[in-house]
Amino acid sequence: MSEEKRIEIIKRKMEKIVKGKNKFNVRAITINGMNGFIPTGKRNWFRYVGRMPMSSCTVIVEKENVEIHNVIVYDINERKKGNGTKMITDIRMAFPSKHIWVDTCIHARPFWEKMVEREFIDSIENDYPIPCSNSNCVICHPIRKTGKRRSSNGEYY
Ligand SMILES: [Zn+2]
């Protein structure tokens, strides 16, 4: 499956979820003036949809910490244009005094390093390399044993 196709499917699923939540009147909640946190049913887990349909991410809120997870900018042409950054600044504004952290895969590390530098998040917690799940990503998967050609470079944000 191509990268575009994969993202398109995820995007459609997300839109369905957002619509479904609204239909059943389970609205996104506002945290510190930032609207768009949809409770997921898992304790303290939210899907942040304040920047939909451009992007979304999972936010896990603990007493002192906030973990950002599953960041995605859907449209491949809108990546690397600051859309991921905008969403992360939303999360910072929602939790100005909590320690915001991520685990990152290899290709996203430079993005998160920039986010730490600009104090939008506080730390990257994994010092070991995690390849992303997209085997077309040349950064996370420099060698492919199958010899198959690649369809994208896997840059997400
Ligand atoms: Zn990757």
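This is a predicted model: local features need pLDDT of at least 70, side-chain atom pairs count only at pLDDT 80 or more; totals for chains, interfaces and linings use all residues.
The chain contains 3 helices and 7 strands. Followed along the sequence, these elements come in the pattern α-β-β-β-β-β-α-β-α-β. Of the 157 residues in the chain, 26% are buried. Among contacts with a separation of 6 or more, 47% are between residues 24 or more positions apart.

The strands come together in an open sheet of 7, with the order E1-E2-E3-E4-E5-E6-E7 and mixed pairing. Strand E1 (29-31) and strand E7 (123-124) stand at the edges, and because each has a single partner strand, one side of each is left without a neighbour in the sheet.

E3 and E4 pair in the antiparallel sense over 4 bridges, and the two strands form a hairpin with 6 residues between them. Within this pair, Arg47 has Thr58 in E4 as its bridge partner. E4 also runs antiparallel to E5, to which 6 bridges join it, and here the hairpin passes through 3 residues. Thr58 is found again in this second pairing, where its bridge partner in E5 is His69. Another bridge to E5 links Ile60 with Glu67.

Attention now turns to the interior. In soluble globular proteins, nonpolar side chains tend to be buried together. In this model the largest nonpolar core has 24 residues, and those with the most contacts inside it are Phe37, Tyr48, Val59, Ile68, Ile91 and Ile121. Two or more residues each come from strand E2 (34-39), strand E3 (45-48), strand E4 (55-61), strand E5 (65-73), H2, strand E6 (99-102) and helix H3 (109-117). H2 gives the most to this core, with 4 residues.

H2 has 12 residues and spans 17 Å from its first C-alpha to its last, close to the 16 Å expected at 1.5 Å a residue. Its buried residues are Gly84, Met87, Ile88, Asp90, Ile91, Arg92 and Ala94. An α-helix has 3.6 residues a turn, so residues three or four places apart point the same way.

Met87 counts as buried because 26 C-beta neighbours lie inside 10 Å, where 20 or more are needed. Beyond its neighbours within four places in sequence, Met87 is in contact with Tyr48, Arg51, Ser55 and Cys57. Of these partners, Tyr48 is also among the core residues with the most contacts. Cys57 is 30 residues from Met87 along the chain, yet their C-alpha atoms are separated by 8.4 Å.

Methods: Residues are numbered from 1 along each chain as its sequence is written. A residue is buried if 20 or more other C-beta atoms lie within 10 Å of its own, exposed if 12 or fewer, and partly exposed in between; C-beta atoms are placed from the backbone. Two residues are in contact if their C-beta atoms, placed from the backbone, lie within 7 Å. A nonpolar core is a set of buried Ala, Val, Leu, Ile, Met, Phe, Trp, Tyr and Cys residues joined through C-beta atoms within 7 Å. The expected span of a helix is 1.5 Å times one less than its number of residues. Two strands pair if DSSP finds at least two bridges between them.
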